[in-house]
Amino acid sequence: MGFYDEIEIEDMIWDDAKGVFHYPCPCGDRFEISRKQLANGEDIAVCPSCSLVIRIIYDYLDFEDEGDDDEEVKEEEAEESDDNADEKFEDAVERLEVDLTSRMAEARV
Ligand SMILES: [Zn+2]
């Protein structure tokens with residue numbers, strides 16, 4: 001799938017009222033992504049009026065704590081085993097780093 005563009009989070013506009021970052025879409029509407037989506041590791045902002053999407057370039061670590069007040073927090077997993085959860089977290093961080101590295105490599109090509 002293709003992206004219309006890749007936009008750094010610094011270049012997006014924060015809408016405090018709606019709690020979303022937005023960026024102008026060529027169709028006249030705007031791409032939107034919420035802090036919660038960013039905290040969930042999502043980096044795709046969609047335009048509600050057309051099919052275009054953009055990829056947001058941002059530092060996941062700046063947003064990961066935003067998920068704390070999420071009502072959909074998966075408590076079941078956390079209760080199973082603390083040790084296991086730590087391992088999962090480390091794995092996730094490792095995967096994230098690998099992912100970021102490969103993305104940066106992609107961007108240079
Ligand atoms: Zn649009």
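**Close-up views of the predicted protein chain**

Among contacts in the protein chain between residues at least 6 apart in sequence, 38% join residues at least 24 apart. The model shown in these views is predicted.

**View 1. Overall arrangement of the protein chain.** The protein chain contains 3 helices and 6 strands. Their order along the sequence is β-β-β-β-α-β-β-α-α. Of the 109 residues in the protein chain, 12% are buried.

**View 2. The largest nonpolar core.** This core consists of 12 residues: Ile7, Met12, Val20, Phe21, Cys25, Phe31, Ile33, Leu38, Ala45, Cys47, Ile54 and Ile56. At least two residues of the core come from each of strand E3 (20–24), strand E4 (30–34) and strand E6 (53–57). In soluble globular proteins, nonpolar side chains tend to be buried together.

**View 3. Surroundings of Phe31.** Phe31 is a member of the largest nonpolar core. When neighbours within four places in sequence are left aside, Phe31 is in contact with His22, Tyr23, Cys25, Ala45, Val46, Cys47 and Ile54. Among these partners, Cys25, Ala45, Cys47 and Ile54 also belong to the largest nonpolar core.

View 4. Strand E2 (residues 13–15) pairs with E3 in the antiparallel sense, over 3 bridges. Asp15 has Val20 in E3 as its bridge partner, and Val20 is also part of the largest nonpolar core. In this hairpin 4 residues lie between the strands, and Gly19 adopts a positive phi near 75 degrees.

View 5. The pairing of E3 with E4 is antiparallel and extends over 5 bridges. Phe21 is placed opposite Ile33 in E4, and both residues are listed in the largest nonpolar core. The hairpin has 5 residues between E3 and E4, and Gly28 in the turn has a positive phi of about 105 degrees.

View 6. Ile9 is located in the loop between strand E1 (5–8) and E2. Because 17 other C-beta atoms lie within 10 Å, Ile9 is classed as partly exposed; a buried residue would need 20 or more. Ile9 and Phe21 are 12 residues apart along the chain, and their C-alpha atoms are separated by 8.0 Å. With neighbours within four places in sequence left aside, the contacts of Ile9 are Phe21, Ile56, Ile57 and Tyr58. Two of these partners, Phe21 and Ile56, are residues of the largest nonpolar core.

Conventions
Residues numbered from 1 in each chain as written. Predicted model: local features only at pLDDT ≥ 70, side-chain atom pairs only at ≥ 80, totals over all residues. Core = buried A, V, L, I, M, F, W, Y, C linked by C-beta atoms within 7 Å. Contact = placed C-beta atoms within 7 Å. Pairing = 2+ DSSP bridges.
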